[in-house]
Amino acid sequence: MTLRDEILEQPEVAARFLASERDAIDAIAADLRAREHPIRHVVIAARGTSDHAAIYAQYVLGVRHGLTVGLGTPSVVSIYGADPDVRDALVIGISQSGASPDIVAVIAAARAQGAPTVAITNEPDSALGAAADRTIGLEAGPELAIAATKTYTAQLLAVACLSAALSNDPADPYALAAIPDALAAALATEPDIERTVADQAGAARSLVIARGYEYATAREWALKLKELARVFADPYSAADFQHGPLTLVEPGVPVLAVARSGPTAADVVALLGRLRTDLDAALMVVSDLPDALALARWPVALPAGTPEWLGPIVSIVPGQLHAYHLTRARGLDPDRPRNLSKVTKTT
């Protein structure tokens, strides 16, 4: 199975996850509701691609549930031997393999304090799964490609389903049920993306911008470009981008952007307009907004109708396809990125 095969498998993975993990996620939500003192904080330990799922969780759990969400610093526990007090927090470990000792250490230390702990992993029988009180299995099947794709969207879906279980919003199950079809529609952008990469193959650098929930998408898209295409891709919040990095815009440096309907849309579209009109930037725009797509040299239209909070599950798919095809256009093998292995164990 190739990387492209795994990218194309994502609608099936999402459907399988939604069919199989509901009871496990409902049990976690029930545990949290039954606590004598409600959870007010969340700490998430992750690395690499999984760290971008954690960034997504910051927005989902912060916006929808009013929780403060911090990204854990695993070396505080695993290297320095400190024991931060997380007794009033939900502590989540996110890892495709569940094998990284530093992530396991954070979850084990939190559980020893009596904090509720959850593992989100494609390997429920892993060390991470054993360390946590509860485990959400990703149901992605074996992921053989070095670059994570289907496990990433499954991680995002796991976070979204946990949010839905905590919210009891009657609209959420219907929105989640539509995700497999939305993923399939996003995969249909592949011909458009293939046409863009010939223009971009010579660029050794790129800038990737988004805002709000989609900031996680910018981070993950940039990582895939680094892993696969060996492009120095810098990801930014569209707001932070205007506080200095704007100076990096110049000919020969594509600007890749995600713009989705919602409260951040006006600011992102305004920035894209400035980049095109004032700075003559070459824009690739992934969006469900006609105004944003009209500004792009390389427009990629997202399927309409996905709620903003679920958008990153779908938006990253064009980014994955872009990284894959750009890698091939640059004469590299996306199934054999140099210097990398499938499982990375950091301490």
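This is a predicted model: local features need pLDDT of at least 70, side-chain atom pairs count only at pLDDT 80 or more; totals for chains, interfaces and linings use all residues.
1. Strand 1 and strand 3 pair in the parallel sense over five bridges, where two strands pair if DSSP finds at least two bridges between them, and where helices (H or I, at least four residues) and strands (E, at least two) are DSSP runs numbered from the N terminus. Within this pairing, Val43 has Val91 in strand 3 as its bridge partner.

2. Residues are numbered from 1 along each chain as its sequence is written, and side-chain values use heavy atoms, with hydrogens and water left out.

3. Strand 1 (residues 41-45) also pairs with strand 2 in the parallel sense, over four bridges; His41 stands opposite Thr68 in strand 2, and Val42 stands opposite Val69 in strand 2. Strand 1, helix 4 and strand 2 make a right-handed β-α-β unit, right-handed meaning that, with the strands pointing away from the viewer, the path from the first strand over the helix to the second runs clockwise.

4. These pairings belong to an open sheet of five strands with the order 2-1-3-4-5 and parallel pairing. Its edge strands are strand 2 (68-71) and strand 5 (134-137), each of which pairs on one side only, and the twist averages 20° from one strand to the next, with axes being lines fitted to C-alpha atoms, for helices over the stretch in contact, and angles running from 0 to 180 degrees between N-to-C directions. Helix 3 (residues 22-34) packs on the sheet, touching strand 3 (89-95), strand 4 (117-121) and strand 5, and its direction makes about 150° with that of strand 5; contact here means heavy atoms within 4.5 Å. Helix 6 (residues 101-112) packs on the sheet as well, touching strand 1, strand 3 and strand 4, with a direction at about 155° to that of strand 3.

5. An open sheet of five strands is also found with the order 7-6-8-9-10, again with parallel pairing. Strand 7 (232-237) and strand 10 (298-301) stand at its edges, each with a single partner strand, so one side of each is left without a neighbour in the sheet. Six bridges join strand 6 (residues 205-210) to strand 7 in a parallel run, and the bridge partner of Ala210 in strand 7 is Ser237. Helix 11 (residues 190-200) packs on this sheet, touching strand 9 (283-287) and strand 10, and its direction makes about 155° with that of strand 10.

6. Turning to helix packing, helix 8 (residues 150-167) and helix 16 (residues 311-329) pack at an angle of about 170°, with their axes 9 Å apart. That makes helix 8 roughly antiparallel to helix 16, a term for angles over 145 degrees, where those under 35 count as roughly parallel, 65 to 115 as roughly perpendicular and the rest as oblique. The contact is made by Tyr152, Thr153, Leu156, Leu157 and Ala160 of helix 8 with Pro312, Ile313, Ile316 and Gln320 of helix 16.

7. As for the whole, the protein chain has 16 helices and 10 strands. Its radius of gyration is 20 Å, close to the 20 Å that the globule rule gives for 347 residues, so the chain is as compact as a globular protein of that length; the radius is taken over C-alpha atoms, and the rule is 2.2 Å times the number of residues to the power 0.38.
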